[in-house]
Amino acid sequence: MPAEEPGPALIPEAADWLRRRSWSAADRPTAELLAAKRAAGPAGTVSVVLPALDEESTVGGIVEVIRRELMERLPLVDELVVVDSGSADRTAEVAAAAGARVVHRDAILPRLEPVPGKGEVLWRSLLVTSGEIVCFIDADLREFDPAFVSGIVGPLLTDPGIQLVKAMYDRPLETDGAVVPAGGGRVTELVARPLLNLHWPRLAGFVQPLGGEYAARRGLLERLHFPTGYGVELGLLVDALELVGLDALAQVDVGVRHHRHQDSQALGRMAATIYRTALERLDRTHRLKAAEDLARPVLTQFSRDPRTRDFSAHSHPITALERPPMIEVPEYSTFATGRPRQG
């Protein structure tokens with residue numbers, strides 16, 4: 001059998017996008033960002049949101065850096081909010097002491113019973129923030145660099161055509177004292193990247209499609225469905241492509257991301273949720289033809305009992321619950337008409 005002919009790395013549209021819409025944080029000096037922010041007026045207001053669940057060891061350091069470097073030293077960020085999704089530790093206390101406004105997930109839109117999941121927190125955060133640019137930052141980052149915020153907010157401040165910006169970075173795997181330089185992002189490489197390359201090849205140029213650090217215009221976010229769980233990053237990216245087109249999306253290199261790594265079973269649950277999020281979008285756009293019973297929304301995993309040495313099965317539902325575009329929520333419409341500008 002002859003060797004397979006090598007194909008192009010990316011389709012032409014994605015290759016062109018990668019060349020034009022990928023930058024480094026250093027490409028936009030702080031003076032340029034501040035000038036652009038002043039010129040933008042209300043459209044340049046920036047809210048930073050940290051979704052947090054049991055992150056007392058890291059959330060304070062992130063908040064401290066953002067407040068000191070991007071609110072006090074450089075007036076780039078107008079609002080810093082930590083949304084606590086039910087932490088059992090001192091996450092809320094630590095975040096507040098470091099200078100963030102802390103809001104509990106359950107206090108936002110109380111008429112609607114909250115469900116667990118990161119996407120649920122991000123969706124609700126639109127109701128308690130006021131910036132026209134919203135920047136999401138994961139709360140488990142270590143050695144936090146303010147470029148994670150300034151870098152991805154930069155294109156939104158300087159280019160009115162940009163709607164959403166993802167951070168890209170090296171993601172080392174750090175475990176048991178050993179460091180594998182490119183070993184992190186296992187779900188990205190094993191699940192998300194194959195899905196995007198196969199079904200949404202225009203998005204194949206994103207280095208970190210599942211990264212939790214991204215910024216977008218409120219006018220875009222409020223029109224998107226939010227998967228409530230781990231599928232939120234893939235769902236938002238795919239839906240943004242459909243809504244505003246590839247040229248309105250961008251990515252910025254911010255260096256290295258250090259964070260806590262999850263075990264393989266947690267990654268399996270994450271992967272299954274992301275896969276189901278993709279299936280929902282393929283079905284919604286009529287690109288997937290399959291009987292409903294061919295996709296069973298349950299993931300079964302196995303672990304060995306340390307006492308009996310037997311394997312036991314554990315099943316987890318793979319949720320497909322999604323929240324509607326926030327602009328359709330009555331409370332948001334009322335809020336938006338008189339939304340205060342907060343510093």
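**Salt bridges and cores: group meeting talk**

Okay, let's start with a pair of side chains: Glu13 and Arg202 meet in a salt bridge at 4.0 Å, N to O. By salt bridge I mean a side-chain nitrogen of Lys or Arg within 4 Å of a carboxyl oxygen of Asp or Glu. Glu13 sits in helix α1 (residues 12-20) and Arg202 in the loop between α7 (186-199) and β10 (214-217), so this pair ties together parts 189 residues apart in sequence. Helices (H or I, at least four residues) and strands (E, at least two) are DSSP runs, numbered from the N terminus.

Quick caveat: this is a predicted model, where local features need pLDDT of at least 70 and side-chain atom pairs count only at pLDDT 80 or more, while totals for chains, interfaces and linings use all residues. Residues are numbered from 1 along each chain as its sequence is written, and side-chain values use heavy atoms, leaving out hydrogens and water.

Next, Asp247 pairs with Arg21 in a salt bridge, closest N and O atoms 3.2 Å apart. So is Arg21 buried or exposed? Buried, at 11% relative accessible area, whereas Asp247 is partly exposed at 37%. The cut-offs are under 20% for buried, over 50% for exposed, and partly exposed in between (1.4 Å probe, protein chains only).

Now, Arg21 also turns up among the contacts of Leu249, as do Trp17 and Leu203; contact means heavy atoms within 4.5 Å. Leu249 is one of the residues with the most contacts inside the largest nonpolar core, which has 50 residues. Such a core is a set of buried Ala, Val, Leu, Ile, Met, Phe, Trp, Tyr and Cys residues joined through side-chain atoms within 4.5 Å.

Conventions
Lists of a residue's contacts leave out its neighbours within four places in sequence.
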